[in-house]
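Subject: Structure handover

Hello,

Here is the structure I said I would pass on. My notes on the helices and their contacts follow below.

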Amino acid sequence: MSLFDWTPPAPPRSRPLRRDEAERTMMAALHERPDPVRVYRQSVSHGFESCALRWWWVSRSDLGRMISQGRALTVGERSAKVRRALTLAEEEEVVAVALELGGCLYAAQALGVTEGIVRTILRERGVDYPRAPGSRHDAAAGRARLAAFKARRTA
């Protein structure tokens, strides 16, 4: 056998992509989550229904959340339709406390509001949720930060 008789090994056989897998990957590529600022701009210029038709795969409640987040990112304030007992200063305090304590639940406990309100305010401001690590020691440190924060507030 000479060097010129050598042939490379056959490539490993890969199975053909099934139709449902191909459709899923195509749908995932086509149907990305839209940018909240873009959704907000379209809702201002053309209305909510045009957003619902344009991004038909996104639920109406998610579109509403994206519009409120886009408004907060663009205008810098919440909608006049928001029915919350918190003032803008209190909402800014919620954001600051959530970032200081490192978690939505800690901020909710420190300020006496629900965790859902903390998450809503953070989402509307375009702030990522602070996520505290999940180990036992980190949870104990989070509770200690919460206790120290409450002690500072009462003092």
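What pattern does the protein chain follow, read along the sequence? The pattern is α-α-α-α-α-α-α-α, with eight helices and zero strands in the chain. Helices (H or I, at least four residues) and strands (E, at least two) are DSSP runs, numbered from the N terminus.

This is a predicted model, in which local features need pLDDT of at least 70 and side-chain atom pairs count only at pLDDT 80 or more, while totals for chains, interfaces and linings use all residues. Residues are numbered from 1 along each chain as its sequence is written, and side-chain values use heavy atoms, with hydrogens and water left out.

Of the 155 residues in the protein chain, 28% are buried. Buried means under 20% relative accessible area, exposed over 50%, and partly exposed in between (1.4 Å probe, protein chains only). Among contacts between residues at least 6 apart in sequence, 61% join residues at least 24 apart; contact means heavy atoms within 4.5 Å.

Helix α2

Helix α2 covers residues 36-46, and its buried residues are Pro 36, Val 37, Val 39, Tyr 40 and Ser 43. Seen down the axis of α2, these fall within an arc of 160 degrees, so they line one face of the helix. The arc is that of the directions from the helix axis to the C-beta atoms. As background, an α-helix has 3.6 residues a turn, so residues three or four places apart point the same way. Arg 41, Ser 45 and His 46 are exposed on the face of α2 turned away from its buried side. The buried residues of α2 pack against α3 (48-54) and α4. After α2 comes Gly 47, with a positive phi near 100 degrees.

Packing of α4

The axes of α2 and α4 are 7 Å apart and the helices pack at an angle of about 95 degrees. Axes are lines fitted to C-alpha atoms, for helices over the stretch in contact, and angles run from 0 to 180 degrees between N-to-C directions. α2 and α4 are therefore roughly perpendicular to each other. Angles under 35 degrees count as roughly parallel, over 145 as roughly antiparallel, 65 to 115 as roughly perpendicular and the rest as oblique. On the α2 side the contact is made by Pro 36, Val 37, Val 39, Tyr 40 and Ser 43, and the α4 residues include Leu 63, Met 66, Ile 67 and Gln 69. The residues of this contact of α2 with α4 divide into eight nonpolar, four polar and one charged. Here Ala, Val, Leu, Ile, Met, Phe, Trp, Tyr, Cys and Pro count as nonpolar, Asp, Glu, Lys and Arg as charged, and the others, Gly among them, as polar.

Helix α4 (residues 60-74) also packs with helix α7 (residues 115-125), at an angle of about 55 degrees and with axes 6 Å apart. That makes α4 oblique to α7. Arg 65, Ser 68, Gln 69, Ala 72 and Leu 73 of α4 meet Arg 123, Glu 124 and Arg 125 of α7. The contact of α4 with α7 has two nonpolar, two polar and four charged residues.

Is Gln 69 buried or exposed? Gln 69 counts as buried, at 18% relative accessibility. Not counting residues up to four places away in sequence, Gln 69 touches Pro 36, Arg 123, Glu 124 and Gly 126.

The aromatic pair

A search of the whole structure finds one aromatic pair. Trp 56 and Trp 57 form this pair, edge-to-face, at 5.7 Å centre to centre with 90 degrees between the planes. Rings of Phe, Tyr and Trp (its six-membered ring) pair if their centres lie within 6.5 Å; planes under 30 degrees apart count as stacked, over 60 as edge-to-face and the rest as tilted. Trp 56 is exposed at 55% relative accessibility, whereas Trp 57 is partly exposed at 27%.

Regards
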